[in-house]
Amino acid sequence: MSSTSAIPVLTYHAMNVNGVDYADNDHVALAADLAWLHAHGWRIVPLAAAVAALFEGGAALPPRSCAISFDDGSWFDWHDLDHPAYGRQRGLAGVLRDFRDRYGAAVHATSFVIVSPDARAELDRTCMLGLGWWGHDWWPAAESEGLVAIESHSFDHNHHTLRATAQKDGRTGRFDVIEDEATADIEILHASRWLDALLPTRRTRLFAYPYGQSSAFLRDDYLPRRAADHGLVAAFGTEPRMMRATDSRWNLPRFVCGADWRSTDELARLLAAA
């Protein structure tokens, strides 16, 4: 077990670019948070290593270990892009590289990606500008570099802007409505297999619930019962607290930038309180 009893998982959304300041730009926030964490003795560890240490008898982690995750898997996780309103944005992976190069410290993040190419292409039009900023061309490069791990954020997110999702009765915009085997197989099992085929040098092991929402069927039945099929070892929601070995591995907590903290001072208070 890890030598630290609780591990915070900090989550960022690369598409949260609504200005150029910390509170409205997750790229700015990530850069500031990494510097603050380093200055205060925190070590960034891969999320998979944190899960292994707490739940699988993996290698012990040092005290004050912290893991980082990104959600949705758009180009902003990887590529630098010119935002039409707010100018050049350093991709989140670039922010990680800048931190590593400046401080000589280990850093890593896990990107939970929406798997379906069709869903991402439609979401690119409905949630961004339709400029092709939600492709998966960068996923193999990310896995090869080893700085950003690719894991599953479901097949189509059951997103409310999609014309059709795996949820056949039309209840979209929430993930806790996934309550039957066939739909769960598409959203979770099929998503894992699709990723494994695209990235054959690794296997999908972690899952993040879209919207942070899970049903009792997913948490207590489907995910543990079908573990041999989907190959997952843990799933993450967004309950804002530290991850501990006493948690259910099928609904692990994460803190979300913008929702749970909006400055390094708030991050400091959040970690101290947790």
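Trainee: How many helices and strands does the protein have?
Mentor: The secondary structure comes to 9 helices and 12 strands. Bear in mind that this is a predicted model.
Trainee: What about the overall size?
Mentor: The C-alpha atoms fill a box of roughly 50 × 45 × 35 Å along the principal axes.
Trainee: How much of the protein counts as buried?
Mentor: Of the 274 residues, 54% count as buried. The accessible surface comes to about 11,000 Å², and 51% of that belongs to carbon and sulfur atoms.
Trainee: And what share of the contacts join residues at least 24 apart?
Mentor: That share is 68%, counted among contacts between residues at least 6 apart in sequence.
Trainee: You mentioned D72. Where is D72 found?
Mentor: D72 is in strand β4, which covers residues 65–72.
Trainee: Is D72 buried or exposed?
Mentor: D72 is buried, because its relative accessible area is 10% and the cut-off for buried is under 20%. D72 also has a positive phi, about 95°, although it is not a glycine.
Trainee: Which other residue has a positive value of phi?
Mentor: Y211 is one, with phi near 65°. Y211 sits in the loop between β9 (206–208) and α7 (216–225). With a relative accessible area of 31%, Y211 is partly exposed.
Trainee: Now something from the interior. What is the relative accessible area of F236?
Mentor: For F236 the value is 0%, so F236 is buried. F236 belongs to strand β10, residues 234–236.
Trainee: Which residues is F236 in contact with?
Mentor: Leaving aside neighbours within four places in sequence, the contacts of F236 include V9, L47, F112, L206, Y209, M243 and P253. As for W250, F236 is 14 residues from W250 in sequence and 6.8 Å from W250 in space, C-alpha to C-alpha.
Trainee: Let's jump to the other end of the numbering. Where does L271 lie?
Mentor: L271 lies in helix α9, residues 264–273. L271 counts as buried, at 7% relative accessibility.
Trainee: What does L271 touch?
Mentor: Not counting residues up to four places away in sequence, L271 touches P8, W36, L37, W42 and M242. L34 and L271 are 237 residues apart in sequence, and their C-alpha atoms are 14 Å apart in space.
Trainee: Last one, A166. Where is the place of A166?
Mentor: A166 is in the loop between β8 (148–152) and α6 (181–198).
Trainee: Is A166 buried or exposed?
Mentor: A166 counts as buried, at 5% relative accessibility. Beyond neighbours within four places in sequence, A166 is in contact with D156, T183, I186 and E187.

Methods: Residues numbered from 1 in each chain as written. Predicted model: local features only at pLDDT ≥ 70, side-chain atom pairs only at ≥ 80, totals over all residues. Heavy atoms only, no water. Helix = DSSP H or I, 4+ residues; strand = E, 2+ residues; numbered from the N terminus. Buried < 20%, exposed > 50% of the residue type's maximum accessible area, 1.4 Å probe, protein only. Contact = heavy atoms within 4.5 Å. Areas by Shrake-Rupley, 256 points an atom, 1.4 Å probe, with all protein chains shown as cover.
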